[in-house]
Amino acid sequence: MTHPPVHGVTSPRRRKRGSVLLLVLVIVVIAAAAIISFTERAMTEISSEGYYVQRERLRVDAYSALETTLAVLNDFKTIDGALYSPEQGWSDPLGYAGYQPREGVQVSVDFTDENSRLPLLAGDSAEPWLLVLFTDLGFQSDEIQVLTDTLLDWIDADDNPRLLGAESEEYLRDDIPHTAANRMPTRLEELSGAVGWRSLMFDDAGRPNGRFESFKQLVSVYSPGPINLNTASESVLRATGAFSDPELAALEGAFPERQGKPQQGKGYYTSLTELSDAVGSLPTSMRFGVKVEVLTVVVTVKEGDAEFRLRAVVRVDSSSASRTAARSQSPGTGPGGQPGQPAGNQGTRSSNGTSTATSTTVGSDEYPFTIVELVEDPPASTIAPTSTSQNP
């Protein structure tokens with residue numbers, strides 16, 4: 001006699017099938033997770049490998065464009081005797097040379113004449129124009145004195161603090177102890193560690209604000225002077241305190257193309273005598289000139305979404321004394337180098353992957369220039385967000 005099934009009771013066979021099904025589902029989930037993890041890791045490694053392969057390819061393009069640029073600058077220097085202004089015709093060196101990048105690659109070259117800026121290398125003699133510059137940037141009198149004193153204390157070699165300045169003794173008492181550099185900043189951003197600067201020129205995260213960016217555009221840590229009157233802006237000339245308003249107006253009139261007017265003459269002057277004939281006597285309270293002696297060259301290479309930048313600070317003075325001094329300061333030079341990199345400049349590799357070279361002579365038989373600094377992938381300027389503009 002067969003008994004009817006009892007409701008609510010699961011047979012052993014059904015329980016076994018359910019256990020097997022659950023086990024299979026667990027295995028499927030684990031396998032899927034493993035496959036996804038493996039795929040993500042593989043894609044990351046492939047992307048990383050592709051990035052470095054593409055970076056090396058763009059790196060060669062950048063050095064090639066830099067060498068072409070240096071060759072063009074040398075042509076103009078040889079023909080005209082010096083570099084005076086991009087108005088000579090070297091503002092587009094790649095176009096001048098007929099340089100053709102690879103298909104799909106865009107290459108651009110930008111210049112900054114370091115002699116067009118106020119020379120921070122002037123040291124103590126920079127104090128008068130620093131006071132004027134900080135005033136023009138909109139700082140109060142007590143802030144101006146703090147910024148000036150702490151900057152000059154940061155630069156000078158002694159440990160004697162100025163009235164409102166600071167030296168290592170004070171910095172060592174900070175929450176994060178450090179010392180005054182007692183040298184010229186390698187990058188102006190390092191001044192975020194200086195008293196006064198950290199609160200007036202940077203935010204709490206150490207990011208520069210708008211007034212710092214304005215300051216950065218007006219000073220140079222590479223050129224000791226003189227200031228090139230062919231390329232200096234009105235802001236720079238006004239900050240020197242050497243020119244009256246009528247004299248500034250006369251100088252602006254000597255370069256009508258700056259106001260969008262038709263160019264008259266060459267657009268640049270080859271001597272102070274030639275310029276003074278056009279504008280009248282020039283002040284002697286500061287060193288002024290008409291030549292480009294230190295030039296920053298930034299090469300940017302783009303291919304799709306990838307971008308590589310190369311910055312070279314070049315001393316165009318080719319005197320033997322300059323070469324000898326640079327060679328004695330060089331951390332090490334020698335023939336050859338990496339593919340596409342100027343011969344004689346091996347550079348040094350920093351912890352963040354940028355390549356730098358300080359006062360390294362680029363083979364004098366090949367180039368008449370000295371590479372003061374060579375940096376790969378220079379970071380873009382990051383200005384701290386502000387609710388109101390801090391620019392003057």
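Figure 1. N182 counts as partly exposed, its relative accessibility being 23%, in a model that is predicted. The class follows because partly exposed covers the range between buried, under 20% relative accessible area, and exposed, over 50%. N182 is placed in the loop between helix 5 (168–171) and helix 6 (197–200). The phi angle of N182 is near 55 degrees, which is a positive value in a residue other than glycine.

**Figure 2. The cis peptide bond between G225 and P226.** G225 and P226 are joined by a peptide bond in the cis form, with omega at about 0 degrees. P226 belongs to the loop between strand 3 (219–220) and strand 4 (227–228).

**Figure 3. The largest cavity and its lining.** One cavity of 30 Å³ or more is counted in the predicted model. The space in the largest cavity amounts to about 40 Å³. Its lining is formed by F243, E247, A250, L251, V279, S281 and L282. By residue class, this lining divides into five nonpolar residues, one polar residue and one charged residue. Helix 9 (residues 245–253) provides the largest share of the lining, with three residues.

Figure 4. V28 lies in helix 1 (residues 12–80). The relative accessible area of V28 is 48%, so this residue is partly exposed.

**Figure 5. E376, a buried residue in strand 11.** E376 is located in strand 11 (residues 370–376). With a relative accessible area of 0%, E376 is buried; the class applies because buried means under 20% relative accessible area. E376 and R59 are separated by 317 residues in sequence. In space, the C-alpha to C-alpha distance between E376 and R59 is 8.4 Å.

Definitions and conventions
Residues are numbered from 1 along each chain as its sequence is written. This is a predicted model: local features need pLDDT of at least 70, side-chain atom pairs count only at pLDDT 80 or more; totals for chains, interfaces and linings use all residues. Side-chain values use heavy atoms; hydrogens and water are left out. On a 1 Å grid over the protein atoms alone, a cavity is a set of points where a 1.4 Å probe fits but cannot get out, and a pocket is an open set with protein on both sides within 12 Å along at least five of seven lines; lining residues have an atom within 4 Å of a point. Grid points are joined across faces, edges and corners, and a volume is the space filled by probe spheres set on the points. Helices (H or I, at least four residues) and strands (E, at least two) are DSSP runs, numbered from the N terminus. Ala, Val, Leu, Ile, Met, Phe, Trp, Tyr, Cys and Pro count as nonpolar, Asp, Glu, Lys and Arg as charged, and the others, Gly among them, as polar. Buried means under 20% relative accessible area, exposed over 50%, partly exposed in between (1.4 Å probe, protein chains only).
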